[in-house]
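Hi,

Here is the structure I promised to pass on. Have a look at it first, and my notes on what turned up follow below.

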Amino acid sequence: MIRFVVYLFTLAGTILPLNAAEITTFTLDNGMDVVVMEDHRAPVVVHMVWYRVGAADEPSGKSGIAHFLEHLLFKGTDDLDAGEFSATVSRNGGSDNAFTSWDYTAYFQRVAADRLELMMTMEADRMRDLQMTEADVITERDVVLEERNQRTDSDPGALFREQLNAAQYLNHPYSIPIIGWRHEIEQLNRDDAFAFYQRYYAPNNAILIVAGDVEPTDVLAMAKQHYGPIAPTVDLPERVRPVEPPQLSERRLSYSDPRVAQPYVTRSYLAPERNLGDQKVAANLTMLAALLGGNGATSVLGQKLQFETQQAVYVSAYYQGMSLDYATFGLVMVPSPGQPLQQAEDAMDQAVGEFLDEGVDPEQFARIKMRLRAERIYGEDNIVSLARRYGIGLTTGLTIEDIQVWPDILQSVTEQDVMEAARTIFDKSNAVTGWISPPISKDISQ
């Protein structure tokens, strides 16, 4: 058993122990990791099982199988009828859901603390004993196809982002949409689902996170009883993905669709992700994104483009560093009505260039540090978000210690660190630039 206690700095700088963030970890004999997060302020508990497998781990030609399997896990097991899992959670006053990313798949329930063992009983049952008929597979495949139709195919912005992502990666499976390509989803079958399930849904590929009004010893006893007897996958493959080749020139994409209501320009740069024991570069990029476009009213790009020149109605900068392999740093600009996208892109580049010349405003930098510190402290009040933060970190290669020291690393970033990160990241030969707009009308009378 390993116990970690998080100490958070208050806004005044005093160090206070926060019981909600007291963490205890175990590893069961079958390889399943257990993380317990104590929070006795309310008699509720969040029970999560995270699998170290996602869309980027799918076999070639089977895109969408990880997300498809997530749907199928709500079908029956040898002990539960189809739909009985969620119905039982609801009947006990709780809520449940699941989500899939490129790097993980997770299932969770939020219930009264005295219902925790019931959740473990059911979740352990579907880890290995999933039952699905051909009818189940066909029905759920149609559900996934309709989900893709509603969320992607009928949304020009989603289609644009999908194409941008495919352009970002030449070789790495992050180029494949999590929901899958439509033509491959249509071919997924029962054998595909069972093969993926039997290989990756195993205790030695899972992390159990329990957060809320619990005692670590009680959680361990329950975990041993319900998850402990499950046999591990003995031939579990290592998570080895294709390496992205060096990008040698800027990639550009122009997408037009009559359904587009608001044109905009975006650019994303391939960037380092947060890594085990080495999060300094990621922290620098996090601070750079917050400084440039974290808040439309006070950010560098917001001040320059929305208020000073009024060339934009919206600007943003982001850094998506929580991934196993690669991350992206991006800029977005929605131009003022009537402004051509080329002019908008030029204005965005000019604003970034001015920032590189002018450097960091110390007062603004201090405010951002204070805001990020406050957001992290307030975030401790939501046990679902807290458990999710640790689940994402642990399934993307970080340790408990990495996650806990992250706030301190952020606070250690200097103005010089931010400028060095900016000079490194803003290289168009490592970027994808995209325009999205309605079709340009042509006056044939001219």
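Before the notes, one term: a pocket here is an open set of grid points, on a 1 Å grid over the protein atoms alone, with protein on both sides within 12 Å along at least five of seven lines, and a residue counts as lining if it has an atom within 4 Å of a point. Also keep in mind that this is a predicted model.

Let's start with the pocket, then. The largest one has a volume of about 1,400 Å³. Its lining takes in 47 residues, and those nearest the centre are W102, R161, N165, I178 and Q320. Sorted by class, the lining of this largest pocket comes to 24 nonpolar, 15 polar and 8 charged residues. Which element gives the most to that lining? That would be α5, with 7 residues. The elements that each supply at least two lining residues are α1 (65-72), β7 (95-100), α4 (134-153), α5 (156-168), β11 (264-271), β12 (312-320) and β13 (327-335).

Some of those strands turn up again in a sheet. It is an open one of 5 strands with mixed pairing, in the order β10-β14-β11-β13-β12. β10 (251-256) and β12 are the edge strands, each pairing on one side only. From one strand to the next, the twist averages 10 degrees. At the β12 end, β12 and β13 pair in the antiparallel sense over 8 bridges; for S316, the bridge partner in β13 is V332.

Two helices pack on this sheet. α5 touches β10, β11, β13 and β14 (431-437), and its direction makes about 160 degrees with that of β14. α9 touches β11, β12 and β13, and its direction makes about 170 degrees with that of β12.

α9 (280-293) also packs against another helix, α14 (400-412), at an angle of about 65 degrees and with the axes 9 Å apart. The crossing of α9 past α14 is right-handed. On the α9 side the contact is made by K280, A282, A283, T286 and M287, while α14 brings W406, I409, L410 and S412. By class, that contact has 6 nonpolar, 2 polar and 1 charged residues.

Where does D325 sit? In the loop between β12 and β13. Leaving out residues up to four places away in sequence, D325 touches H172, Y174, R241 and E273.

Cheers

Definitions and conventions:
Residues are numbered from 1 along each chain as its sequence is written. This is a predicted model: local features need pLDDT of at least 70, side-chain atom pairs count only at pLDDT 80 or more; totals for chains, interfaces and linings use all residues. Side-chain values use heavy atoms; hydrogens and water are left out. Axes are lines fitted to C-alpha atoms, for helices over the stretch in contact, and angles run from 0 to 180 degrees between N-to-C directions. Helices (H or I, at least four residues) and strands (E, at least two) are DSSP runs, numbered from the N terminus. A crossing is left-handed if the near helix is turned anticlockwise from the far one by less than a right angle, and right-handed if clockwise. Contact means heavy atoms within 4.5 Å. Ala, Val, Leu, Ile, Met, Phe, Trp, Tyr, Cys and Pro count as nonpolar, Asp, Glu, Lys and Arg as charged, and the others, Gly among them, as polar. On a 1 Å grid over the protein atoms alone, a cavity is a set of points where a 1.4 Å probe fits but cannot get out, and a pocket is an open set with protein on both sides within 12 Å along at least five of seven lines; lining residues have an atom within 4 Å of a point. Grid points are joined across faces, edges and corners, and a volume is the space filled by probe spheres set on the points. Two strands pair if DSSP finds at least two bridges between them.
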